[in-house]
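Before reading the points below, please have the sequence and the model open side by side.

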Amino acid sequence: MSETTERKRSEVADVDRSLYDFVMSEEGYERYADGLTPDIVRAISEKKDEPAWMLEMRLKALDVFHEMRMADNWGPDTSGLDMDHISTYVSPKTKQARDWDDVPEDIKTTFERLGIPEAERESLAGVGAQYDSEIVYHNMREEVAEQGVIYTTIEDALHDPQWEPVVHQYFGKLIPMRDHKFAALHYAVWSGGSFVYVPEGVTLSYPLQSYFRLNASGAGQFEHTLIIVEPGADLHFIEGCSAPKYYEANLHAGAVELYVKDHARLRYSTIENWSKNMYNLNTKRATVGADSRMEWVSGSFGSHVSYLYPTTILQGARSTCEFTGITFAGATQDLDTGCKVILNGADTTASVDTKSISKDGGVNTFRSSVVIGAKAERARATVSCSSLMLDDISRSDTIPAMDVRCGSASVGHEATIGRISDDTILYLMSRGCSEAEARTMVVNGFANPVSKELPLEYAVISRRRRFRTSTCRPRRPGTTCASTRFPSRSRRPSPKARSSRACRASSTRSRPASAPKPPHGSWPRRVTPATSRSRPA
Amino acid sequence: MSDTLLTIDGLSAGTEDKPILHNVSLSVSSGETHVLMGPNGAGKSTLGHVIMGDPAYQVSGGSIYFDGQDITELAPDKRSLAGIFLSYQAPVEVPGVPLYSFLRTICQMRPELKTTARKFRQRVNEICEQLSLPDSFLTRELNVGFSGGEKKKIEMLQLLLLRPKLAILDETDSGLDVDALSIVSRGIEAYRKDCDGALIVITHNTRILERLDVDRAHVMVHGHLVADGPASLIDEIDAEGFGRFEAAIEGGAQ
Amino acid sequence: MASSGDSRYLEVKAGVKREEPIVVDIDASAGEAKDTGVLVREGAEATVVVAVHGAGAEDTTSASLVRIIAERGAKVSLVEIVAAGSDARHLEGVGIDAAENAVVECRQYALGGAKVAVGFATNLAGTSARLNLDMRYLVDEGATLDVNHVCRQRGRVTRSQITTSGILKEHAKKTMRETIDLIHGAKGAVGNEIETVLIAGDHVVNKTLPVILCDEDDVQGNHGASIGSVSPEQLAYLADRGISGEEATALFARAIFDDAVIHAPEASSRAAALSRAEEFLGAEMARDVAEGLGLTESEESAR
């Protein structure tokens, strides 16, 4: 055994790899054609030693799952999901690969290209437990505990007599199991996820990150995250990390429930960068009290198919929601993302700003919904969505819906779709940039307002017991020159923060691993017959 | 005698739909200041763009030599690195790219301008002061939300930073108020003094020329270079307009 | 639907600039339903007018279906004035196919009716084909308006501009779907949609779905929507000129009728608009509209 694994690991919950090891009984379960039987669900619950109400909820959800139909003709194609054998997503095969050798070549190569240190690769592939990150997680928990903040897993909270009733009060109330078929599946087989409780008036000076906790409790595909921010409190939570996570079983049906009470603030940053085989059907919802603020920052780069619409319910008067997102769809990807805001309280405001980039045949669909209830006097919402097409084989659709039922409310919406204009390329080239550099500059500039908010770095172990340092600058797959750094919005300035982001811009000059290829033919593309490559319609 | 920097020989060019420039020839030597005048639609801007290599225009005849090199087929970025600068009439906006980052990038890619961040910062501040550009401009996105006059000043900022051998100023004076005009003129003077660069000023009104020491003036009408003369040609245009040149073109054939 | 419609098919021969508008007159009270096909040949010009008027009747829905084929270089102007009475039900359908360099200008006015549905689909098939669609609407108290505009741009350098604006009164329900479909191969195409909604009452349901589908990179697609009530700044300005909040809404509504009457190319459409103006704005203001636009007494009474 290597030296690392010999070090004490007893303070952190061991990865329970046996969680999904069970023998399927064939008897009497014909109606469960897909093999996902109540026995399996019971076995999961038993292994976790859950209270009776949770088991009951799981079994009910299982019934609902079998009852509900898939939505027809709506959203990206999910025929690749084997609905007839849904239990296989939950069964032994769904564990993370046991061995580094089992991890597919292309995933290993991606990790390499992203410059992820070897020590982390195994952990992100779910193979080994990352010792050091567990220690950091543990330390993080200790520090925040001093302020009365609880940061643990839902399973652990359920075993704690002080917190079990709290979980019971909130779990599953914001996202009902009938919301959609995969919400039902989620409630039947959920496992893992963060439970965060911030007491009244407490402000955490740095973000909590789920990255560390991930490995401590196993499979992340059916995670349930529950965060409660009590009145007057303030929290920044970061979910995910920029390196792609690899899972053999390719269904992610997680749920995130966020409760923001009065005069409070929650900032929820996510990077969704699942591996390219993944069906990412994630449901996230927040409810916001009076005078409070909900901020979403979301970057979607991975997955084969995504359905992702973080939803905010502005229930309390004068509450606000700000959503900033970027979605990047490359080859083989069909990402249907957006956001929903429901404005119920008076004087509420919502602002949505998203960007999307499509390339190499990727399909991007921006789907949003702004609903202003009859009682939302003087509510205001603005939605702005820009899409950039980098070639003529990709797709970008914008489907925004606005439903306004209050006379004094106002909604503004604007969307643009297009490509990088030839004039812009010329201007930059006339200052010496090559065509590829000019294109990269424009794409980075396009993404900038959003990407600068994203927590792109994932933190790595620190010998000095810091909670977040960045020694790694992963590049977003498909884009280039990401060596320009985007510091995340931590409210405590990172000790390594340099004086000006502008000084680092010189790195846009560096040659990235994969520069975007100029689209079919080279710039400029002309429409007139002489040089046009397309045939007349 | 200074060397010939730019030689345009019998250049004809246009878009796919129509020819614009007809058999234009002119040459500019290092350090000289040339003025290109003509009525609206004469093709002056087009000539500037063709020299820069804008692929919107195709060269159908003739050649362009710069600094001993045939650049007729060369891509615009290579021409820029070779020392040609075109200041645009209406610079495009490039959202999301802070001005400072942009300036740093384009300077770092030129070996003769590469320098430390500190020195670079100093140089940029110096020039901003010269041009009365507030520091706050540097963090704003490239050309986004700037007024016409501000955009022109940013073009001047780039001119002074890049120190090109040849600067083509396309209607740089258009749309400027008196103060902005004076600053732009100052920028041009500084360029001439500091870099001894060659200049082609494209304009159809002569105000900006008042403070310049012009070596040669050219007149273009309907895509033809119809007159070529010393600075006094400018005074003639001032007094009489382009009438006689236009008449000559319309009257005589081509 | 009461009576089965009469179908009509007209052809405007190549190069002909047809002066007389092709009129589709629909009497909502009789539940008329008409199907009209218009073939505008190469280089020809024609105007098509749909005028829907009359009070509603029980269990009666009127309908109009217009199909227009605009060949190369044709210019078609379509004016639809749906000005049925406040209890009428009407279905309005338009389908247009535009070839190379064809220009289609449409003005739609949904001025009345208890339940009105408007479907409009255009296929900009040929290079440089263009569509300008301008819609104004007034959804009265408790009325429902359901609109679906679709513009498919297949040809290169095609252009579409869809602008809609209108007013919703108390308990009005409106659904507006605009789709610009930039189909692969439509290089250089530009599609714009703009919607402005004035909510002038409570218990209103306004649903807006401006969709852009884009399968081609060398295009520009834009849409903007602005939904709300008269802004405080606008109200202040109007108050300074002596116009109260309610009068402001009436002002905007009147502007819609003014616009409809100006653009009505012939008598029956004009009459339909004026008749509805009287119902909505009241006799006095309606007369004012007519007079202000220089319409004579005789025209007014020819209803």
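This is a predicted model: local features need pLDDT of at least 70, side-chain atom pairs count only at pLDDT 80 or more; totals for chains, interfaces and linings use all residues.

1. For chain A the average pLDDT is 74, and 65% of its residues score at least 70. Two stretches of chain A call for particular care in reading: over residues 92–96 the pLDDT stays under 50, with 19 contacts beyond four places in sequence in the model, and over residues 215–219 the pLDDT again stays under 50, with 25 such contacts.

2. The contact between chains A and B draws on 27 residues of chain A and 29 residues of chain B. On the chain A side, helix H11 (422–429) and helix H12 (435–451) each give at least two residues, and the largest share, eight residues, is that of H12(A). Sorted by class, this side of chain A consists of 14 nonpolar, 10 polar and three charged residues.

3. Chains C and A also meet, with 41 residues of chain C in contact with 35 residues of chain A. Strand E15 (205–214) and strand E16 (220–228) are the elements of chain C that supply two or more residues to its side of this contact, and E15(C) provides the largest share, 10 residues. By class, the side of chain C that touches chain A holds 15 nonpolar, 17 polar and nine charged residues.

4. Which strand of chain A is joined to E15(C), and in which sense do the two run? Strand E18 of chain A, residues 395–404, is joined to E15(C) by six bridges, and the two strands run antiparallel. A reader wishing to find this pairing in the model may look for Thr398(A), whose bridge partner in E15(C) is Ile212(C).

5. Within chain A, strand E4 (residues 224–229) deserves a look, since six of its six residues are buried. In a regular strand the side chains alternate between the two faces of the sheet. Both faces of E4(A) are covered, with His224(A), Leu226(A) and Ile228(A) buried on one side and Thr225(A), Ile227(A) and Val229(A) buried on the other.

6. The partners of E4(A) can be followed residue by residue. Strand E2 of chain A (residues 194–198) pairs with E4(A) in the parallel sense over four bridges, and here Phe195(A) stands opposite Leu226(A). Strand E7 of chain A (residues 255–260) is joined to E4(A) by six bridges and also runs parallel to E4(A), with Leu258(A) in E7(A) as the bridge partner of Ile227(A).

7. In chain B, six strands make up an open sheet of mixed pairing, in the order E6-E7-E8-E3-E9-E10. Strand E6 (84–87) and strand E10 (224–229) of chain B are at the edges with a single partner strand each, so one side of each has no neighbour in the sheet. From one strand to the next the twist averages 15°. Inside this order, strand E3 (residues 33–37) and strand E8 (residues 198–203) of chain B pair in the parallel sense over five bridges, and Leu36(B) stands opposite Ile202(B) in E8(B).

8. Helix H1 of chain B (residues 44–52) is mostly covered, nine of its nine residues being buried. Among them are Lys44(B), His49(B), Leu47(B), Val50(B) and Ile51(B). The residue that follows H1(B) is Gly53(B), and its phi is positive, near 95°.

9. The largest nonpolar core has 274 residues, and of these Ile81(C) and Ala273(C) touch the most other members.

10. Thr332(A), which is not a glycine, has a positive phi of about 65°; Thr332(A) lies in the loop between strand E13 (320–329) and strand E14 (334–343) of chain A, and is partly exposed, with 14 other C-beta atoms within 10 Å. Asn101(C), likewise not a glycine, has a positive phi of about 60°; Asn101(C) sits in the loop between strand E7 (89–98) and strand E8 (103–110) of chain C, and is buried, with 20 other C-beta atoms within 10 Å.

Methods: Residues are numbered from 1 along each chain as its sequence is written. Chains are lettered from A and ligands numbered from 1 in the order in which they are written. A nonpolar core is a set of buried Ala, Val, Leu, Ile, Met, Phe, Trp, Tyr and Cys residues joined through C-beta atoms within 7 Å. A residue is buried if 20 or more other C-beta atoms lie within 10 Å of its own, exposed if 12 or fewer, and partly exposed in between; C-beta atoms are placed from the backbone. Two residues are in contact if their C-beta atoms, placed from the backbone, lie within 7 Å. Ala, Val, Leu, Ile, Met, Phe, Trp, Tyr, Cys and Pro count as nonpolar, Asp, Glu, Lys and Arg as charged, and the others, Gly among them, as polar. Two strands pair if DSSP finds at least two bridges between them. Axes are lines fitted to C-alpha atoms, for helices over the stretch in contact, and angles run from 0 to 180 degrees between N-to-C directions. pLDDT is the predictor's confidence in each residue, from 0 to 100.
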